[in-house]
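Take a look at the chain below. We will walk from its strands to its helices, and then to its aromatic rings.

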Amino acid sequence: MTRVLNVLLPGRDKLAFVADFAGWIARGTEFPVARAGYLHALAEHFRWPGGPLPAAALIRQAVAGDAGDALWVCADPAWVQPELNGARLLGCGNLAVSADDATAMVSALRDTFDEQGMSLLVGDPQHWQLRVPGDLPVPAFPDPEEALGADLFGQLPQGEEGRRWRALLNEAQVVLHNLPQNAERLRDGLPPVNSVWLWGAGAMPEWVECGQGRIYSDDLLVWALGQKAGVDVQSRPVARGVPADGPGATDVPFALLDLQDVQPTAFDRDWWPWLRGRLESGDELRLSFADGRRTVLRKLHRLRFWRKP
(Lines give C-alpha, C1' and ligand atoms only; values in the text may rest on other atoms or scores of the structure.)
Protein backbone atom coordinates (compact mmCIF):
# COMPACT_ATOMS: atom_id res chain seq x y z
CA MET A 1 0.00 0.00 0.00
CA THR A 2 1.27 3.45 -0.89
CA ARG A 3 1.87 5.55 2.20
CA VAL A 4 0.66 9.13 2.05
CA LEU A 5 2.44 11.93 3.87
CA ASN A 6 0.54 15.22 4.08
CA VAL A 7 2.95 18.10 4.58
CA LEU A 8 2.03 21.63 5.70
CA LEU A 9 4.55 24.14 4.35
CA PRO A 10 5.20 27.91 4.22
CA GLY A 11 4.26 29.83 1.08
CA ARG A 12 5.71 28.23 -2.04
CA ASP A 13 7.61 31.35 -3.04
CA LYS A 14 9.65 31.09 0.17
CA LEU A 15 10.94 27.69 -0.91
CA ALA A 16 11.39 28.42 -4.62
CA PHE A 17 15.17 28.85 -4.21
CA VAL A 18 15.53 25.12 -3.48
CA ALA A 19 16.26 24.12 -7.08
CA ASP A 20 15.68 20.38 -6.78
CA PHE A 21 12.44 20.91 -4.88
CA ALA A 22 11.27 23.42 -7.51
CA GLY A 23 11.98 20.85 -10.20
CA TRP A 24 9.82 18.25 -8.49
CA ILE A 25 7.04 20.79 -7.95
CA ALA A 26 7.03 21.56 -11.68
CA ARG A 27 6.57 17.84 -12.41
CA GLY A 28 3.95 17.29 -9.74
CA THR A 29 0.18 17.40 -10.05
CA GLU A 30 -1.39 20.74 -9.21
CA PHE A 31 -4.82 21.04 -7.62
CA PRO A 32 -7.07 24.12 -7.49
CA VAL A 33 -5.74 26.83 -5.21
CA ALA A 34 -7.38 26.74 -1.79
CA ARG A 35 -7.91 29.59 0.62
CA ALA A 36 -4.57 30.81 1.97
CA GLY A 37 -3.67 30.38 5.61
CA TYR A 38 -2.49 27.80 8.10
CA LEU A 39 -5.88 27.34 9.80
CA HIS A 40 -7.55 26.78 6.44
CA ALA A 41 -4.98 24.09 5.65
CA LEU A 42 -5.69 22.43 9.00
CA ALA A 43 -9.40 22.45 8.22
CA GLU A 44 -8.67 20.17 5.26
CA HIS A 45 -7.49 17.49 7.68
CA PHE A 46 -9.81 18.00 10.66
CA ARG A 47 -13.60 18.15 10.98
CA TRP A 48 -15.72 19.41 13.87
CA PRO A 49 -19.50 19.96 14.24
CA GLY A 50 -19.54 23.26 12.35
CA GLY A 51 -18.79 26.95 12.54
CA PRO A 52 -15.43 28.61 13.18
CA LEU A 53 -12.70 26.57 14.83
CA PRO A 54 -13.08 26.88 18.65
CA ALA A 55 -9.33 27.07 19.15
CA ALA A 56 -9.47 28.50 22.68
CA ALA A 57 -11.60 25.69 24.13
CA LEU A 58 -9.55 23.00 22.41
CA ILE A 59 -6.27 24.46 23.65
CA ARG A 60 -7.68 24.96 27.15
CA GLN A 61 -8.76 21.34 27.34
CA ALA A 62 -5.37 20.15 26.08
CA VAL A 63 -3.32 22.16 28.57
CA ALA A 64 -5.59 22.26 31.62
CA GLY A 65 -8.36 19.72 31.11
CA ASP A 66 -11.04 22.09 32.42
CA ALA A 67 -12.70 23.51 29.30
CA GLY A 68 -16.04 21.94 30.22
CA ASP A 69 -18.94 23.52 28.37
CA ALA A 70 -17.79 27.10 29.02
CA LEU A 71 -17.26 29.72 26.33
CA TRP A 72 -13.55 30.41 25.79
CA VAL A 73 -11.58 32.98 23.80
CA CYS A 74 -7.84 32.88 23.07
CA ALA A 75 -6.20 35.91 24.71
CA ASP A 76 -2.65 35.31 23.56
CA PRO A 77 0.20 37.61 24.61
CA ALA A 78 0.80 40.05 21.77
CA TRP A 79 3.20 42.72 20.57
CA VAL A 80 1.65 45.85 19.11
CA GLN A 81 3.81 48.51 17.46
CA PRO A 82 2.41 52.07 17.72
CA GLU A 83 2.62 54.19 14.57
CA LEU A 84 1.93 57.79 13.69
CA ASN A 85 -1.59 57.01 12.52
CA GLY A 86 -2.40 53.88 14.46
CA ALA A 87 -0.72 50.61 15.42
CA ARG A 88 0.12 47.19 13.98
CA LEU A 89 0.08 43.70 15.42
CA LEU A 90 3.61 42.38 14.98
CA GLY A 91 3.55 39.27 17.16
CA CYS A 92 1.02 36.98 18.83
CA GLY A 93 1.83 33.93 20.94
CA ASN A 94 5.27 32.32 20.84
CA LEU A 95 6.91 35.49 22.12
CA ALA A 96 9.30 33.63 24.45
CA VAL A 97 7.31 34.59 27.55
CA SER A 98 8.65 32.83 30.63
CA ALA A 99 6.31 31.04 33.01
CA ASP A 100 7.01 33.61 35.75
CA ASP A 101 6.35 36.55 33.42
CA ALA A 102 3.14 35.00 32.12
CA THR A 103 1.87 34.52 35.67
CA ALA A 104 2.77 38.09 36.62
CA MET A 105 1.19 39.61 33.51
CA VAL A 106 -2.05 37.64 33.80
CA SER A 107 -2.24 38.53 37.50
CA ALA A 108 -1.85 42.23 36.65
CA LEU A 109 -4.64 41.93 34.06
CA ARG A 110 -7.02 39.97 36.23
CA ASP A 111 -9.00 42.90 37.62
CA THR A 112 -9.48 44.35 34.14
CA PHE A 113 -11.24 41.21 32.97
CA ASP A 114 -12.91 40.34 36.27
CA GLU A 115 -14.83 43.62 36.12
CA GLN A 116 -16.44 42.35 32.90
CA GLY A 117 -17.34 38.99 34.41
CA MET A 118 -14.49 37.26 32.57
CA SER A 119 -11.57 35.16 33.85
CA LEU A 120 -8.13 35.38 32.24
CA LEU A 121 -6.04 32.23 32.75
CA VAL A 122 -2.61 31.00 31.72
CA GLY A 123 -2.78 27.90 29.56
CA ASP A 124 0.92 27.74 28.88
CA PRO A 125 3.19 30.81 28.94
CA GLN A 126 2.68 31.51 25.22
CA HIS A 127 -1.09 30.90 25.13
CA TRP A 128 -3.63 32.42 27.50
CA GLN A 129 -7.37 31.80 27.59
CA LEU A 130 -10.30 34.00 28.56
CA ARG A 131 -13.41 32.36 30.00
CA VAL A 132 -16.43 34.53 29.27
CA PRO A 133 -20.10 34.31 30.34
CA GLY A 134 -22.07 32.10 27.99
CA ASP A 135 -24.65 34.80 27.32
CA LEU A 136 -22.07 37.41 26.30
CA PRO A 137 -21.89 37.98 22.53
CA VAL A 138 -18.35 37.58 21.26
CA PRO A 139 -17.70 39.32 17.93
CA ALA A 140 -15.56 37.72 15.27
CA PHE A 141 -11.86 38.47 15.66
CA PRO A 142 -9.46 37.52 12.86
CA ASP A 143 -6.98 34.80 13.69
CA PRO A 144 -3.39 35.95 14.30
CA GLU A 145 -2.20 34.86 10.88
CA GLU A 146 -4.66 37.23 9.20
CA ALA A 147 -4.13 40.09 11.66
CA LEU A 148 -0.33 40.12 11.79
CA GLY A 149 1.12 43.16 10.08
CA ALA A 150 -2.26 44.75 9.51
CA ASP A 151 -3.58 48.03 10.90
CA LEU A 152 -4.82 47.18 14.38
CA PHE A 153 -7.92 49.36 14.35
CA GLY A 154 -9.12 47.79 11.14
CA GLN A 155 -8.93 44.34 12.74
CA LEU A 156 -10.98 45.17 15.84
CA PRO A 157 -14.76 44.68 15.98
CA GLN A 158 -16.61 47.86 15.13
CA GLY A 159 -19.91 49.43 16.20
CA GLU A 160 -21.72 49.08 19.50
CA GLU A 161 -21.10 45.34 19.64
CA GLY A 162 -17.36 45.90 19.51
CA ARG A 163 -17.20 48.88 21.87
CA ARG A 164 -16.81 46.76 25.03
CA TRP A 165 -14.03 44.71 23.47
CA ARG A 166 -12.12 47.68 22.09
CA ALA A 167 -12.23 49.35 25.51
CA LEU A 168 -11.12 46.10 27.16
CA LEU A 169 -8.11 45.78 24.87
CA ASN A 170 -7.17 49.43 25.38
CA GLU A 171 -7.20 48.99 29.15
CA ALA A 172 -5.17 45.78 28.90
CA GLN A 173 -2.57 47.60 26.81
CA VAL A 174 -2.24 50.34 29.44
CA VAL A 175 -1.73 47.77 32.21
CA LEU A 176 0.85 45.77 30.26
CA HIS A 177 2.75 48.86 29.11
CA ASN A 178 3.57 49.77 32.70
CA LEU A 179 4.76 46.36 33.87
CA PRO A 180 8.46 45.97 34.86
CA GLN A 181 8.59 42.65 33.02
CA ASN A 182 8.36 44.49 29.70
CA ALA A 183 11.27 46.75 30.59
CA GLU A 184 13.29 43.63 31.35
CA ARG A 185 12.26 42.04 28.06
CA LEU A 186 13.40 45.11 26.13
CA ARG A 187 16.78 45.00 27.92
CA ASP A 188 17.08 41.36 26.90
CA GLY A 189 16.35 42.18 23.26
CA LEU A 190 12.84 40.68 23.31
CA PRO A 191 9.71 42.44 22.03
CA PRO A 192 7.34 43.76 24.68
CA VAL A 193 4.12 41.97 25.54
CA ASN A 194 1.99 45.10 25.40
CA SER A 195 -1.38 43.66 24.40
CA VAL A 196 -3.40 40.49 24.08
CA TRP A 197 -5.02 39.25 20.90
CA LEU A 198 -8.50 37.76 21.12
CA TRP A 199 -9.48 35.04 18.64
CA GLY A 200 -10.70 31.45 18.37
CA ALA A 201 -13.88 31.86 20.43
CA GLY A 202 -16.18 28.94 21.13
CA ALA A 203 -17.09 26.06 23.40
CA MET A 204 -15.50 22.64 23.36
CA PRO A 205 -16.85 20.70 20.36
CA GLU A 206 -18.53 17.38 20.98
CA TRP A 207 -16.20 15.71 18.53
CA VAL A 208 -13.27 16.23 16.17
CA GLU A 209 -12.48 13.84 13.34
CA CYS A 210 -9.20 13.38 11.49
CA GLY A 211 -8.25 11.01 8.71
CA GLN A 212 -4.61 10.79 9.73
CA GLY A 213 -3.05 7.85 11.53
CA ARG A 214 -0.31 9.95 13.08
CA ILE A 215 0.54 13.64 13.36
CA TYR A 216 3.94 15.28 13.81
CA SER A 217 3.77 18.90 14.95
CA ASP A 218 5.10 21.38 17.48
CA ASP A 219 1.97 23.54 17.31
CA LEU A 220 -0.23 23.47 20.42
CA LEU A 221 -3.47 23.83 18.46
CA VAL A 222 -2.60 20.83 16.28
CA TRP A 223 -1.90 18.81 19.42
CA ALA A 224 -5.27 19.88 20.85
CA LEU A 225 -7.11 18.89 17.67
CA GLY A 226 -5.30 15.59 17.43
CA GLN A 227 -5.96 14.70 21.04
CA LYS A 228 -9.68 15.43 20.68
CA ALA A 229 -9.76 13.32 17.52
CA GLY A 230 -7.98 10.45 19.25
CA VAL A 231 -5.00 10.55 16.89
CA ASP A 232 -1.44 9.77 17.93
CA VAL A 233 0.35 13.16 18.03
CA GLN A 234 4.13 13.40 18.36
CA SER A 235 6.61 16.24 18.43
CA ARG A 236 8.28 17.03 15.15
CA PRO A 237 11.63 15.24 14.96
CA VAL A 238 14.79 17.30 14.93
CA ALA A 239 15.27 17.79 11.21
CA ARG A 240 18.97 17.16 10.92
CA GLY A 241 19.54 13.44 10.88
CA VAL A 242 15.86 12.53 10.63
CA PRO A 243 15.88 8.73 10.78
CA ALA A 244 14.67 6.59 7.90
CA ASP A 245 11.75 5.39 10.04
CA GLY A 246 10.62 8.93 10.85
CA PRO A 247 7.41 10.66 9.76
CA GLY A 248 5.66 9.04 6.82
CA ALA A 249 7.75 5.90 6.90
CA THR A 250 5.75 4.25 9.64
CA ASP A 251 3.12 1.58 9.90
CA VAL A 252 0.32 4.10 9.29
CA PRO A 253 -0.95 4.68 5.73
CA PHE A 254 -1.70 8.37 6.32
CA ALA A 255 0.37 10.82 8.34
CA LEU A 256 0.52 14.60 8.73
CA LEU A 257 3.82 16.46 9.05
CA ASP A 258 3.51 20.09 10.11
CA LEU A 259 6.39 22.16 8.69
CA GLN A 260 4.42 25.40 8.31
CA ASP A 261 6.90 27.32 10.48
CA VAL A 262 10.10 25.78 9.14
CA GLN A 263 12.81 28.21 8.10
CA PRO A 264 13.59 28.03 4.35
CA THR A 265 17.28 27.29 4.97
CA ALA A 266 16.36 24.42 7.31
CA PHE A 267 13.96 23.06 4.70
CA ASP A 268 16.72 23.13 2.08
CA ARG A 269 19.38 21.65 4.34
CA ASP A 270 17.44 19.10 6.34
CA TRP A 271 13.85 18.45 5.35
CA TRP A 272 13.85 18.37 1.57
CA PRO A 273 16.59 15.70 1.33
CA TRP A 274 14.57 13.58 3.77
CA LEU A 275 11.29 14.20 1.93
CA ARG A 276 12.89 13.36 -1.39
CA GLY A 277 14.04 10.11 0.16
CA ARG A 278 10.44 9.33 1.07
CA LEU A 279 9.42 10.06 -2.53
CA GLU A 280 12.08 7.77 -3.94
CA SER A 281 10.98 4.99 -1.58
CA GLY A 282 7.48 5.19 -3.06
CA ASP A 283 5.63 7.42 -0.60
CA GLU A 284 3.16 9.99 -1.94
CA LEU A 285 3.61 13.57 -0.74
CA ARG A 286 0.58 15.86 -0.57
CA LEU A 287 1.87 19.38 -0.09
CA SER A 288 -0.26 22.19 1.35
CA PHE A 289 1.43 25.59 1.05
CA ALA A 290 0.44 28.51 3.26
CA ASP A 291 -0.40 30.57 0.15
CA GLY A 292 -3.16 28.10 -0.74
CA ARG A 293 -1.39 26.15 -3.46
CA ARG A 294 -1.74 22.35 -3.36
CA THR A 295 0.56 19.87 -5.06
CA VAL A 296 0.86 16.08 -5.07
CA LEU A 297 4.24 14.45 -5.72
CA ARG A 298 4.75 10.81 -6.64
CA LYS A 299 7.85 8.86 -7.61
CA LEU A 300 6.67 8.46 -11.20
CA HIS A 301 6.53 12.23 -11.59
CA ARG A 302 10.30 12.23 -12.06
CA LEU A 303 9.59 10.98 -15.59
CA ARG A 304 7.85 14.26 -16.49
CA PHE A 305 11.26 15.62 -17.47
CA TRP A 306 9.78 18.06 -20.01
CA ARG A 307 8.22 20.13 -17.24
CA LYS A 308 10.54 22.87 -16.03
CA PRO A 309 10.27 25.28 -13.06
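In which sense do strand β10 and strand β12 pair, and over how many bridges? The model is a predicted one. In it, β10 covers residues 214-216 and β12 covers residues 254-258. The two strands run parallel, and 3 bridges join them. Look at Arg214: its bridge partner in β12 is Ala255.

Now widen the view. β10 and β12 belong to an open sheet of 7 strands. Read across, the order is β2-β14-β13-β1-β12-β10-β11. The pairing in this sheet is mixed. At the edges stand β2, residues 29-31, and β11, residues 232-234. Each of these edge strands pairs on one side only. From one strand to the next, the twist averages 20°.

Helices come next. Helix α1 spans residues 19-27. It lies across β1, β2, β13 and β14. Its direction makes an angle of about 100° with β13. Helix α10, residues 264-280, also lies across strands of the sheet: β1, β12, β13 and β14. Against β1, helix α10 runs at about 160°.

Turn to the aromatic rings. A pair of rings is described by how far apart the centres are and by the angle between the planes. The count here is 7 aromatic pairs. One of them joins Phe21 and Phe289. Their ring centres are 6.3 Å apart. Planes over 60 degrees apart would count as edge-to-face and those under 30 as stacked. The planes of Phe21 and Phe289 stand at 50°, so this pair is tilted. Phe21 sits in helix α1 and Phe289 in strand β13. The pair thus links distant parts of the chain, 268 residues apart. Both Phe21 and Phe289 are buried.

How are the rings of Phe141 and Trp165 arranged? Their centres lie 6.1 Å apart. Their planes meet at 75°, so the pair is edge-to-face. Phe141 lies in the loop between β7 and α5, while Trp165 belongs to helix α7, residues 159-177. The pair therefore ties together parts that are 24 residues apart in sequence. Phe141 is buried, and Trp165 is buried too.

Return to Phe21 and Phe289. With Phe267 and Trp272, they form one aromatic cluster.

Notes:
Residues numbered from 1 in each chain as written. Predicted model: local features only at pLDDT ≥ 70, side-chain atom pairs only at ≥ 80, totals over all residues. Heavy atoms only, no water. Pairing = 2+ DSSP bridges. Helix = DSSP H or I, 4+ residues; strand = E, 2+ residues; numbered from the N terminus. Axes fitted to C-alpha atoms, helices over the stretch in contact; angles between N-to-C directions. Contact = heavy atoms within 4.5 Å. Phe/Tyr/Trp six-rings, centres within 6.5 Å; stacked < 30°, edge-to-face > 60°. Buried < 20%, exposed > 50% of the residue type's maximum accessible area, 1.4 Å probe, protein only.
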